[in-house]
Amino acid sequence: MGALAAGIARETLAAEKYFPVKADQSLFETINRVKDPANKTPLEKSHGPVITAPKTVKAGEPFAVEVSVGEVVHSMGPAHWIEFIELNIGNEPAARVDFQPRGYASPKATFTVVLTKESAPSGKVTLIAHQRCNLHGYWEGSLDVTVT
Ligand SMILES: [Fe+2]
């Protein structure tokens, strides 16, 4: 009986190691965004997706969009990691990259994007990036691009 109790206790400790109960649940109730880009909190610096792309692009011509999580690159390990990065063109999903918790890959992705004139009727498109941290929830960042 003692061995069984010790086994259960050991499994409970392992579960707490991989799924800590100290995660701030409020971060999972909403889409988190950087509140003041000029004065980011440490949590915002490591979780707000940062999009790097040209300010102006030509319709029909491919360009690179890099998404990094975040301004200070988030660590990747079995207890705390970035699960995925998504890129939307306005409201339309364009791409998604999934990450594994082993820590081999940094939470960064570069997408090759082509915009059409139809995708930017006003001459502008908002690139929207999402990421999800297993402990700190779902985050969004955006960047406007002019399409000529
Ligand atoms: Fe995190």
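Predicted model: local features only at pLDDT ≥ 70, side-chain atom pairs only at ≥ 80, totals over all residues.
Student: Is His 136 buried or exposed, and why?

Tutor: His 136 counts as buried because its relative accessibility is 19%, and the limit for that class is under 20%.

Student: And what does His 80 count as?

Tutor: His 80 has 21% relative accessibility, so it counts as partly exposed.

Student: Let us turn to strand 8. Where is Tyr 138, and what is it in contact with?

Tutor: Tyr 138 belongs to strand 8. Leaving aside neighbours within four places in sequence, Tyr 138 is in contact with Leu 27, Thr 30, Ile 31, Asn 32, Phe 84, Glu 86, His 130, Gln 131 and Arg 132.

Student: How is its accessibility classed, and how far is its C-alpha atom from that of Ile 82?

Tutor: Tyr 138 counts as partly exposed, because its relative accessibility is 23%. The C-alpha atoms of Tyr 138 and Ile 82 are separated by 9.8 Å, and the two residues are 56 residues apart along the chain.

Student: What about Val 147, buried or exposed?

Tutor: Val 147, also placed in strand 8, has a relative accessible area of 7% and is therefore buried. Not counting residues up to four places away in sequence, Val 147 touches Val 57, Ala 59, Leu 115, Thr 116, Ala 120, Gly 123 and Val 125. From Val 147 to Lys 117 the C-alpha to C-alpha distance is 7.2 Å, with the two 30 residues apart in sequence.

Student: A change of topic: how much space lies in the largest pocket, and which residues line it?

Tutor: The largest pocket holds about 180 Å³ of space. Its lining consists of Val 34, Pro 37, Lys 40, Gly 48, Pro 49, Val 50, Ile 51, Glu 140, Gly 141, Ser 142 and Leu 143. By class, the lining has 6 nonpolar, 3 polar and 2 charged residues.

Student: Which strand gives the most to that lining?

Tutor: Strand 8 does, with 4 residues. Strand 1 (49–52) and strand 8 each supply at least two residues of the lining.

Student: Which residues does the cis peptide bond join?

Tutor: The cis peptide bond joins Val 69 and Gly 70, with omega about -10 degrees.

Student: How many helices and strands does the chain have, and what share of its residues is buried?

Tutor: The chain has 2 helices and 8 strands, running α-α-β-β-β-β-β-β-β-β from the N terminus on. Buried residues account for 35% of the 148 residues.

Student: What percentage of the contacts join residues at least 24 apart?

Tutor: Among contacts between residues at least 6 apart in sequence, 61% join residues at least 24 apart.

How values were computed: Residues numbered from 1 in each chain as written. Heavy atoms only, no water. Buried < 20%, exposed > 50% of the residue type's maximum accessible area, 1.4 Å probe, protein only. 1 Å grid on protein atoms, 1.4 Å probe; cavity = no way out; pocket = protein on both sides within 12 Å on 5 of 7 lines; lining within 4 Å. Points joined across faces, edges and corners; volume = space filled by probe spheres on them. Nonpolar A, V, L, I, M, F, W, Y, C, P; charged D, E, K, R; others polar. Contact = heavy atoms within 4.5 Å.
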